Amino acid sequence: MRTLDAAQTAAALPYGALVKALLQMFERERLGEAHASPRTCVQLAGGGVMLLMPAAGRRFAALKTVTVHAANAELGLPVVQGDVTLMDAATGTRLLAMDGNVLTARRTAALSLAGAARAGRTEARRMLLIGAGVQARAHAEAFAEVGGVQQMKIHARTPEHTEALARHMRSQGVDAEAIADPAAAAEETDLIVAATNSQEPVVPPGVRPDATLIAVGAYRPDMAEVPPELVRRCAVFVDTLEGARNEAGDLIRAGVDWAAVQAFRDASPASPGRPVLLKTVGHALWDLAAAQLAHEGQG
């Protein structure tokens, strides 16, 4: 079994190829050719938790293991640690081990691009990015590299982190600027991405009627990045209906009509003249798609 470190994992998952791999996985999921079991949560000593996320297709299976120890921050250790193992589905032979944190960041950003494609929203050139952490950086890089974003305004709680990300994106050739107030930018931009751990909405309610909103940070029912009144104005797309019903606090708080919410695998392009909201909470099939891509790229 080959093991890829963080840098090797990133190199094995180029965003363009990863978007294509996820679009293919949507189709496999729709046809019943790939499936995943519900996430298993195991309590650990010291208040930690271990999460196990398995998925399988006809040729490959994958297992992501994640541990979360909030107290690690005081010890100078990572709070979240993860790895993904790819196996031969027919024999169980272990084929590849990858850095789970890097894989998750890159496949989540690529998932946002793939979801935008399914919703028929691929023309954005100006982005408002709310957040400056790992997921925010991955989305900034992915949408600049693959999505064609040329102008980026970034807002986050910590000015130093915000400016550091803006400086990084300028080094990538993007017209990027750190801003203190996102409200004005929200009214004029065509793409808004929220990647925070906020429990209360951070996206301004005033957005363009043709705006695309992507919310990836809130991962529990008690968390929300998009205000309920804005959610209710949007055509809503999710990575999986089951996951969104249980974990998408943005949608739960807004009391959405679940019959009108489209999963990426079955989605039809949204009608013009109405904002689109893409909400993802994660799924083991997306990890499988990424791990399979990395394995096939190893030659």
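**Notes on the predicted model**

1. R2 sits in strand β1 (residues 2-3); helices (H or I, at least four residues) and strands (E, at least two) are DSSP runs, numbered from the N terminus. Residues are numbered from 1 along each chain as its sequence is written, and side-chain values use heavy atoms, with hydrogens and water left out.

2. Staying with R2, this residue is partly exposed, at a relative accessible area of 43% (buried is under 20%, exposed over 50%, partly exposed in between, with a 1.4 Å probe and protein chains only). Not counting residues up to four places away in sequence, R2 touches L95, L96, A97 and Q298, where contact means heavy atoms within 4.5 Å. From R2 to M50 is 48 residues in sequence and 24 Å in space, C-alpha to C-alpha.

3. On to helix α2 (residues 15-30). With 16 residues at 1.5 Å each, α2 should span 22 Å, and its end C-alpha atoms are 23 Å apart, which agrees; the expected span is 1.5 Å times one less than the number of residues. Just after α2, G32 has a positive phi of about 80°.

4. Which residues of α2 are buried? They are Y15, L18, V19, A21, L22, M25, F26 and E29. Looking down the axis of α2, these buried residues fall within an arc of 160°, so they line one face of the helix; the arc is that of the directions from the helix axis to the C-beta atoms. Their cover includes β2 (34-36), α4 (100-118), α5 (134-145) and α11 (284-297).

5. Now the α2 and α4 pair. Their axes come within 8 Å and cross at roughly 65° (axes are lines fitted to C-alpha atoms, for helices over the stretch in contact, and angles run from 0 to 180 degrees between N-to-C directions). On the α2 side the contact is made by Y15, L18, V19, L22, L23 and F26; on the α4 side, by R106, R107, A109, A110, L111, L113, A114 and R118.

6. Is R107 buried or exposed? R107 is buried, with a relative accessible area of 5%. Leaving aside neighbours within four places in sequence, R107 is in contact with L18, L22, K64, G282, H283, W286, D287 and A290.

7. Next, the sheet. There are 8 strands in an open sheet, ordered β10-β9-β8-β11-β12-β15-β13-β14, with parallel pairing; two strands pair if DSSP finds at least two bridges between them. β10 (175-178) and β14 (262-263) are at the edges with a single partner strand each, so one side of each has no neighbour in the sheet. α5 packs on the sheet and touches β8, β9, β11 (191-194) and β12 (212-215); the direction of α5 makes about 170° with that of β8.

8. Some pairings within the sheet: β8 (residues 126-130) and β9 (residues 151-155) run parallel, joined by 5 bridges, and M127 has M152 in β9 as its bridge partner. β11 and β12 pair in the parallel sense over 4 bridges, with V193 opposite I214 in β12. β12 also pairs with β15 (residues 276-279), again parallel and over 4 bridges, and L277 in β15 is the bridge partner of L213.

9. Last, the side chains of β12. T212 and I214 point one way, L213 and A215 the other, and all are buried.

Conventions:
Predicted model: local features only at pLDDT ≥ 70, side-chain atom pairs only at ≥ 80, totals over all residues.
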